[in-house]
Amino acid sequence: MKLAVFSTGADLRAGVADPDQGIIRDVTSVLGGPDLTAVLSDWDTTRAALEDALASLPAVPLDSVRLHAPLRPVRNIFAVGKNYRDHVREFGRSGYDTPSRSEEIPDKPIIFSKATTSVTGPYDDVDPHHGVTSELDYEGELGVIIGRGGRGITAAGAWQHVWGYSVINDVTARDLQRDHKQWLLGKSLDTHCPMGPYAVTADEIGDVDTLEVETLVNGEQRQHAPVKDLIFDIPTLIATISAGITLLPGDIIATGTPAGVGIGFDPPKFLVSGDVVEVSITGLGKLRNRIG
Ligand code: ZN
């Protein structure tokens, strides 16, 4: 099932999208509001109600609505640095990996976060923040959406806590990331986390190892890698984060980006106003964001 948040006027609505049919059905009444996060912890009940009601709910053309980010994060998005081997090497070579510049594969997951206010819609413009950064970069990533929360989740039990997935562009201000050492500022500028177009339930995807991440800039392929290339897989990430932090329903984990980001090129290929970045993942859909 592909859940979405959309609008045709001022108010936000929750929807179930069928991109193959080109339609979206308004399920706001079934969910009790437009906030998907509110129903994640008791999804089985909501899912049954949705399946009962879906066919009777009116469908509108998908291309007639505005899609927003499918989730409003409950807190900062968890994100993972240096989680694909070839990206570790390009990042180490680039000189932007400070203070401990390294091309070595990390032996523990590197976890950072992105502010909630960085989240924006799947087709919204990305603010270039002229005067704040002049080194804007993209990172196409698989986003994992937590359903049932918990602490001390084992890797073996981790899949039971995965509600589903979405596509994320972990837009990064490289100069801020480098100069401030901690990554929060460089990763968190407003609109620097496009997400969507849907929140897709895990059962619709099955084995994430079959998924591929692809990023295009102005139609040119920059990133293309299978999710099975993750150094630390999804169960390991969930076990690592939840060891001492309670994961909450609606938490989002951006799992890391493959090789091919802008700083991987010599000279670097930073984004400029007017560029269009597309990130797609098998079965999850595609983000398409213009740099404003
Ligand atoms: Zn990233």
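Select Pro267 to start: this residue sits in the loop between strands β16 (252-254) and β17 (276-281). Helices (H or I, at least four residues) and strands (E, at least two) are DSSP runs, numbered from the N terminus. The peptide bond from Asp266 to Pro267 is cis, with omega near 0°. This is a predicted model, in which local features need pLDDT of at least 70 and side-chain atom pairs count only at pLDDT 80 or more, while totals for chains, interfaces and linings use all residues. Residues are numbered from 1 along each chain as its sequence is written, and side-chain values use heavy atoms, with hydrogens and water left out.

Next, select Gly196 and Pro197. A cis peptide bond joins them as well, with omega about -10°. Pro197 is part of strand β13 (residues 193-201). Most residues other than glycine have a negative phi, and most peptide bonds are trans.

Two residues with positive phi come next. His129 has a phi near 50°, and it is not a glycine. Look for His129 in the loop between β8 (119-120) and β9 (136-137). Is His129 buried or exposed? Its relative accessibility is 16%, so His129 counts as buried. Buried means under 20% relative accessible area, exposed means over 50%, and partly exposed is in between (1.4 Å probe, protein chains only).

Now select Lys181, another residue other than glycine with a positive phi, here near 65°. Lys181 is in the loop between α4 and α5 (184-187). Because its relative accessibility is 44%, Lys181 counts as partly exposed.

Move to helix α3 (residues 85-94). Which residues of this helix are buried? They are His87, Val88, Glu90, Phe91 and Gly92. An α-helix has 3.6 residues a turn, so residues three or four places apart point the same way. Part of the cover over the buried residues of α3 comes from α4 (174-179); cover is judged by contact, meaning heavy atoms within 4.5 Å. Just after α3, select Gly95, which takes a positive phi of about 85°.

The zinc ion is the next stop. Which residues supply its protein donors? They are Glu139 (OE), Glu141 (OE) and Asp170 (OD), at 1.8 to 2.1 Å from the ion. Donors are N, O and S atoms within 2.8 Å of the metal (3.2 Å for Na, K and Ca); water is not among the atoms, so sites may look incomplete. In sequence, the donor residues follow the spacing E-x1-E-x28-D. Glu139 and Glu141 are both buried.

Select Asp18 in strand β2 (residues 13-18). With a relative accessibility of 29%, Asp18 counts as partly exposed.

Along its principal axes, the C-alpha trace spans about 55 × 45 × 30 Å. Of the 292 residues, 56% are buried. Among contacts with a separation of 6 or more, 76% are between residues 24 or more positions apart.
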